[in-house]
Every structure is written in C-alpha cells, then in structure tokens.
Amino acid sequence: MVADNTLSRKNFWIMVVNSTAAFIISYLFIFYLNHFSIIFSAGMFEHSISFDFSRIVYHVAPSEWTPDSVKVIFGTGPLLVFITGLLAFLAYSSMSEDAEKVKILLLWISLNALNFVFSGIIIGIIFKIRIAHLFLWMYFNDSQLLMMAMLGFFGILITSLIMAKRIVFSANSYFNKLDENNYPFFILAQMIVPFIIGTVLVLIFFLPQIQITETYIWIGLAMVIIISSILISKMDAVYFDEDIKETTFSWPLISIAVFLFFALRIVFNNEILMNW
C-alpha cells in the first residue's frame with residue numbers, strides 16, 4: 001500500500017505541476033488547432049487574412065463573404081476540436097487503468113476540447129463572434145439561437161457527468177485507492193489548483209490582447225470541474241492496483257509545456273499576412 005507521506009506538501013505540488021503542464025499543452029493545442037483551421041479554411045476561398053498569437057484579422061470585403069465560406073471558415077475549427085476531444089476521450093478511456101502520468105494530458109485535451117466547443121457556442125451567440133457567424137448566415141432567429149445556446153449549456157452538463165468517473169481513474173497514477181481520506185488532496189492537486197494556475201498562465205500568454213472567448217471560456221470548464229468534483233465526492237471508495245506508486249515530476253510534460261508557452265508566443269508575436 002501507499003505510505004502516508006504520499007499526502008505530503010511536496011507530493012501535492014509535484015501533482016500540481018504535472019497536471020498544470022498537461023493543462024497548458026492541451027489548451028494551446030486546442031486553441032491553435034482552431035486557429036490554424038480558420039487560417040487554412042480561409043485560404044480555400046482565397047480570403048486574405050493576417051494573424052498573430054491570439055487573433056485573426058480578415059481582409060475581406062463584405063460582398064466577398066459567401067454562405068459556403070462562412071460555414072467552412074467558422075465551422076471547421078469547432079468540428080475538428082470536437083472530434084479531437086472525442087478521440088482524446090476514447091484514448092484516455094482505453095488506458096484509464098494504466099498508471100502512466102502522461103495520460104493526464106489526454107484527460108485535459110478532452111476537457112478543454114469539449115469545453116471549447118460547448119462554451120464557445122454560448123459565448124459566440126452572446127457576443128456575436130466566431131461560430132455565431134455560422135448561425136447568423138444560416139438565418140437563425142432568436143428562438144433557434146437560444147436553442148443552440150441551451151445545447152451548449154447541456155453539453156457542459158453532460159461533459160461533467162461523463163468525465164467524473166474518468167477523472168477518478170487519473171488518481172491511479174499516484175494512489176492505490178481513492179477514498180474520503182485522500183480525495184480532497186487528489187481533487188485539489190490533480191484538477192482544481194492546476195485549472196486555476198493554468199487559466200492564469202493562459203491569460204498571461206495572451207496579454208496584452210486577450211480576446212472575448214479567452215476572457216470567459218474558463219467559466220464552462222470551472223462548471224465541469226465543480227460538478228465532477230461533487231459527483232466524485234459522493235462515490236464509494238475506488239481501488240486500483242497494488243503496485244507501489246511514485247510521485248515524481250513528469251519531465252516530458254513539463255518540458256513540452258514550457259517550450260510551447262514561450263516558442264508559440266515568440267514565433268507568432270508579430271502579425272503574419274497571408275495573401276492567399
């Protein structure tokens with residue numbers, strides 16, 4: 001069994017650092033997957049654009065926009081992100097009983113991807129940005145837009161219900177069982193604190209031009225984590241394997257997170273013009 005010192009302050013922060021690194025990688029991966037899908041989709045319609053680390057500017061006259069271009073440019077990104085989230089969810093589920101620490105990356109990719117889509121629908125409709133352009137060009141009335149916003153809200157709730165049990169099985173990287181004694185330690189170190197620190201770091205990454213979506217999208221993920229945490233707290237004790245667990249830093253995750261954080265910010269710091 002695991003020794004009592006697994007609940008030490010040192011091990012707490014090791015878990016926090018590992019999970020925060022996975023959060024940063026997953027968030028930037030999802031963000032730039034959507035970012036570049038828009039860029040290359042615009043190229044399909046020969047729409048000139050410029051972009052940097054956080055925003056895209058369209059050098060397109062209003063008369064040049066067509067229903068097809070709007071659907072492809074603003075719909076491809078969320079679709080790719082949603083598919084990526086599902087694939088990450090399936091990959092994580094298939095290895096949920098493995099003790100590899102790197103699997104936390106798949107969990108965060110799934111969480112950030114699904115939140116990006118469902119919260120993005122709500123934020124887009126409220127502020128008339130991104131995917132909302134797709135709905136507006138499809139001539140959705142107010143009732144239909146409300147239904148889409150409700151779809152986004154229920155998507156967040158369903159994600160919370162589905163992911164609760166998956167979050168539990170991420171504990172087997174550090175513990176032989178999860179019960180009322182180590183649950184607070186686990187949920188804080190693996191999910192809540194990394195989410196808070198990761199969100200702050202992401203906002204710092206996008207300074208000084210934080211976009212509307214990045215300003216509010218964390219709210220949906222906060223709901224998922226809170227609801228999942230409540231559901232997990234009501235579960236019976238979960239027993240994993242009897243192997244001895246080691247709480248160690250995941251240096252591959254940490255190295256990739258640090259590299260992406262600085263490299264992406266430096267490479268895309270200046271605006272790049274794409275004349276397709």
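This is a predicted model: local features need pLDDT of at least 70, side-chain atom pairs count only at pLDDT 80 or more; totals for chains, interfaces and linings use all residues.
Local features were considered at pLDDT of at least 70 and side-chain atom pairs at pLDDT 80 or more, whereas totals for chains, interfaces and linings use all residues. Residues are numbered from 1 along each chain as its sequence is written, and side-chain values use heavy atoms, without hydrogens and water.

The structure holds three cavities of 30 Å³ or more. A cavity is a set of points, on a 1 Å grid over the protein atoms alone, where a 1.4 Å probe fits but cannot get out. Grid points are joined across faces, edges and corners, and a volume is the space filled by probe spheres set on the points. The largest cavity has a volume of about 160 Å³. Its lining comprises 15 residues; a lining residue has an atom within 4 Å of a point. N34, P78, F116, R130 and I131 lie nearest the centre of this cavity. Two or more lining residues come from each of α1 (9–44), α2 (67–94) and α3 (103–127). Helices (H or I, at least four residues) and strands (E, at least two) are DSSP runs, numbered from the N terminus. The most is given by α3, with six residues. By class, the lining of the largest cavity has ten nonpolar, four polar and one charged residues. Here Ala, Val, Leu, Ile, Met, Phe, Trp, Tyr, Cys and Pro count as nonpolar, Asp, Glu, Lys and Arg as charged, and the others, Gly among them, as polar.

The second largest cavity holds about 130 Å³ of space. It is lined by 15 residues, with F23, Y27, N112, I217 and W218 closest to its centre. The elements giving two or more residues to this lining are α1, α3, α6 (183–206) and α8 (218–233). Eleven nonpolar, three polar and one charged residues make up the lining of the second largest cavity.

The largest pocket contains about 350 Å³ of space. A pocket is an open set of points with protein on both sides within 12 Å along at least five of seven lines. Its lining has 18 residues, and I56, Y58, F74, I129 and R130 are the closest to its centre. Elements that give two or more residues are α1, β2 (56–59), α2, α4 (131–137) and α7 (212–216). Of these, α1 gives the most, with four residues. The lining of the largest pocket divides into ten nonpolar, six polar and two charged residues.

K103 is found in helix α3. This lysine is buried (under 20% relative accessible area, 1.4 Å probe, protein chains only). K103 has no salt bridge (a side-chain nitrogen of Lys or Arg within 4 Å of a carboxyl oxygen of Asp or Glu). The nearest side chain of opposite charge, D98, is 7.0 Å away. The side chain of K103 does reach the backbone oxygen of F169, at 2.9 Å.

Backbone geometry supplies three further features. A cis peptide bond joins L207 and P208, with omega of about 5 degrees. P208 sits in the loop between α6 and α7. K128, not a glycine, has a positive phi of about 60 degrees. K128 lies in the loop between α3 and α4. At 43% relative accessibility, K128 is partly exposed (between 20% and 50%). Y139 also has a positive phi, near 60 degrees, and is a residue other than glycine. Y139 is placed in the loop between α4 and α5 (142–168). With a relative accessible area of 72%, Y139 is exposed (over 50%).

Note on methods:
Lys and Arg count as positive and Asp and Glu as negative; His and the chain ends are not counted. A polar contact is a pair of N or O atoms within 3.5 Å; within protein, one must be able to donate a hydrogen and the other to accept it, and residues adjacent in sequence count only if both atoms are side-chain atoms.
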